[in-house]
Amino acid sequence: MANKFYAVRQGRNPGIYRTWKDCQAQVSGFPCAQFKSFPALAEAEAFLNSSAGQDIEIDGQTLTAYVDGSYDHRKKEFSYGMVLRKKEGDLYFAEKYADPALAAMRNVAGEIKGAQKAMQYAVDSGYQKLAIYYDYEGIAKWCTGEWAAKKEGTKAYRSFYDSVKDRLQVRFVKVKGHSNDEYNDKADMLAKSALGIGDGSFVSDGSGRWMPQNNQKKK
């Protein structure tokens with residue numbers, strides 16, 4: 001029989017077990033138990049250390065955010081774009097940065113900023129659940145521990161996530177970039193707009209908030 005590692009993320013005694021019998025003793029009859037078997041110890045540890053929020057249900061009490069990043073190689077500036085989907089109506093945010101240390105990460109630095117902004121907005125607004133739609137896989141994997149945070153920007157990002165994860169359940173949902181996903185495309189264009197390289201479809205109000213150009217014209 002092949003060796004397996006049983007990771008119990010939510011159970012009587014969370015941890016990694018080597019037999020199904022030992023794992024079963026921790027999860028059988030335990031409300032909302034979370035566990036999974038893996039062929040490798042490293043995979044089991046990544047699952048164990050990841051946020052339980054990966055499995056939260058997206059419902060009416062969940063804030064939904066689409067984030068993306070962009071980079072202007074001429075000015076060495078990066079930016080994020082973010083669409084918050086709320087029942088009262090969508091909100092649009094974008095901002096650019098010129099931090100040399102982070103600019104080396106190009107558009108990824110912007111997407112990190114967008115994910116952080118989404119978490120901060122959710123916490124400040126009293127949400128307990130947040131779904132972040134992103135296209136660069138590190139946005140989730142640096143938080144869950146599947147990728148080691150080695151650079152200044154990724155270390156700060158992981159630290160920020162750790163500071164809010166006990167107050168906010170975050171579910172990361174990967175979307176394919178440039179796949180005609182309406183809101184991912186909007187986040188991408190917002191990020192470009194913050195750098196002054198957008199197509200004019202969004203305009204800034206000067207405070208970090210943006211509006212679709214057609215809405216602006218109606219005012």
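The model is predicted, so to speak of local features a pLDDT of at least 70 is needed, side-chain atom pairs count only at pLDDT 80 or more, and totals for chains, interfaces and linings use all residues. Residues are numbered from 1 along each chain as its sequence is written, and side-chain values use heavy atoms, with hydrogens and water left out.

## Overall picture

The protein has eight helices and 10 strands; helices (H or I, at least four residues) and strands (E, at least two) are DSSP runs numbered from the N terminus. Its C-alpha trace spans about 65 × 35 × 30 Å along the principal axes. Of the 219 residues, 45% are buried, meaning under 20% relative accessible area with a 1.4 Å probe, protein chains only. Taking contacts (heavy atoms within 4.5 Å) between residues at least 6 apart in sequence, 59% join residues at least 24 apart.

The exposed surface comes to about 11800 Å², with carbon and sulfur atoms supplying 47% of it; these areas follow the Shrake-Rupley method with a 1.4 Å probe. As for charge, the mean positions of the 33 positive and 27 negative charges are 1 Å apart. Here Lys and Arg count as positive and Asp and Glu as negative, without His and the chain ends, and each charge is placed at NZ of Lys, CZ of Arg, CG of Asp or CD of Glu.

Two strands pair if DSSP finds at least two bridges between them. Angles run from 0 to 180 degrees between N-to-C directions of lines fitted to C-alpha atoms, for helices over the stretch in contact.

## The seven-stranded sheet

The other open sheet runs S8-S7-S4-S5-S6-S10-S9 with mixed pairing. Strands S8 (169-174) and S9 (202-204) stand at the edges with a single partner strand each, so one side of each lacks a neighbour in the sheet. Neighbouring strands are turned by 30° against each other on average, direction ignored.

## Pairs and helices side by side

| Strand pair | Bridges | Bridge partners |
|---|---|---|
| S1 (5-10) and S3 | five bridges | Val8 and Phe35 |
| S6 (91-97) and S10 (209-212) | two bridges | Phe93 and Arg209 |

Note on methods:
Buried means under 20% relative accessible area, exposed over 50%, partly exposed in between (1.4 Å probe, protein chains only).
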